[in-house]
Amino acid sequence: MSIDIRKPHSMTLEQAQQVADSLAADLAARFGIDYGWDENTIVFERPGVDGEIDVDPDYIHVRARLGLPFNLMQAAVENAIHRQLEKHFS
């Protein structure tokens with residue numbers, strides 16, 4: 001299963017990167033995910049979940065691949081991502 005969420009923003013790239021880092025930290029704390037930056041992309045993983053958060057001047061794009069243990073939690077993970085995007089990028 002996979003998650004693919006794209007949200008527009010009106011921040012500078014640097015501001016969006018700072019906010020994306022806060023988003024990744026929140027998700028890491030909630031789901032025990034390790035993450036790091038690769039240029040304008042946050043790469044995250046943990047057993048059963050991996051993905052990217054791309055930050056560009058106009059959009060935040062979250063992609064995640066869920067392994068079997070997280071398939072049952074897909075709706076909860078998607079809802080958490082949507083809530084965090086609204087909190088950080090609205």
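Predicted model: local features only at pLDDT ≥ 70, side-chain atom pairs only at ≥ 80, totals over all residues.

Colleague: Start with α3, then. How do you know that the span of α3 agrees with its number of residues?

Modeller: The expected span is 1.5 Å times one less than the number of residues. For the 16 residues of α3 that gives 22 Å, and the end C-alpha atoms are 22 Å apart, so the two agree.

Colleague: Which residues of α3 are buried, and what puts them on the same side?

Modeller: The buried ones are Gln74, Val77, Ala80, Ile81, Gln84, Leu85, His88 and Phe89. They cover an arc of only 135° around the axis, so they sit on the same side of α3. Ala75 and Lys87, on the other side of α3, are exposed.

Colleague: What do the buried residues of α3 pack against?

Modeller: They pack against β1, α1 (13–31), β5 and α2 (68–71). As for direction, α3 lies across β1 and β5 and runs at about 15° to β1.

Colleague: Why is Gln84 called buried?

Modeller: Buried means under 20% relative accessible area. Gln84 has 15%, so it qualifies as buried. Gln84 belongs to helix α3, and, leaving out residues up to four places away in sequence, it touches Leu23, Asp26 and Leu27.

Colleague: On to the sheet. In what order do the five strands come?

Modeller: The order is β1-β5-β4-β3-β2, in an open sheet with antiparallel pairing. The twist averages 15° from one strand to the next.

Colleague: What makes β1 and β2 edge strands?

Modeller: Each of them has a single partner strand, so one side of β1 and one side of β2 (34–38) are left without a neighbour in the sheet.

Colleague: And how do you know that β4 and β5 pair?

Modeller: Two strands count as paired with at least two bridges between them. Seven bridges join β4 to β5, and the two run antiparallel. Ile53 stands opposite Val62 in β5, and Val55 has Ile60 as its bridge partner in β5. β4 and β5 also form a hairpin, with three residues between them.

Colleague: How many bridges are there between β3 and β4?

Modeller: Six, again in the antiparallel sense. Arg46 faces Val49 in β4. This pair is a hairpin too, with two residues between the strands, and Gly48 in the turn has a positive phi of about 95°.

Colleague: Why call β4 largely enclosed?

Modeller: Because five of its seven residues are buried, β4 is largely enclosed by the rest of the structure. α1 packs on the sheet as well, touching β2, β3 (41–46), β4 and β5, and its direction makes about 160° with that of β2.

Colleague: Let's do the charges. How many salt bridges does the structure hold?

Modeller: There are six.

Colleague: Why is the contact between Glu86 and Lys7 called a salt bridge?

Modeller: The cut-off is a side-chain nitrogen of Lys or Arg within 4 Å of a carboxyl oxygen of Asp or Glu. Glu86 and Lys7 come in at 3.1 Å, N to O, so the label applies. Glu86 is in helix α3 (residues 74–89) and Lys7 in strand β1 (residues 2–8), and the pair links distant parts of the chain, 79 residues apart.

Colleague: Which partners does Arg65 meet in salt bridges?

Modeller: One is Asp50, at 2.5 Å, N to O. That pair joins strand β5 (residues 59–66) to strand β4 (residues 49–55), with 15 residues separating the partners. Another is Glu52, at 2.8 Å, N to O, and Glu52, in β4, lies 13 residues apart from Arg65 in β5.

Colleague: What makes it a network?

Modeller: Shared partners do: the salt bridges join Asp50, Glu52, Asp54, Arg63 and Arg65 into one network.

Colleague: How does accessibility look for Arg65, Asp50 and Glu52?

Modeller: Arg65 has 35%, so it counts as partly exposed. Asp50, with 30%, is partly exposed as well. Glu52 has 17%, so it counts as buried.

Technical notes:
Residues numbered from 1 in each chain as written. Heavy atoms only, no water. Helix = DSSP H or I, 4+ residues; strand = E, 2+ residues; numbered from the N terminus. Buried < 20%, exposed > 50% of the residue type's maximum accessible area, 1.4 Å probe, protein only. Arc of directions from axis to C-beta. Contact = heavy atoms within 4.5 Å. Axes fitted to C-alpha atoms, helices over the stretch in contact; angles between N-to-C directions.
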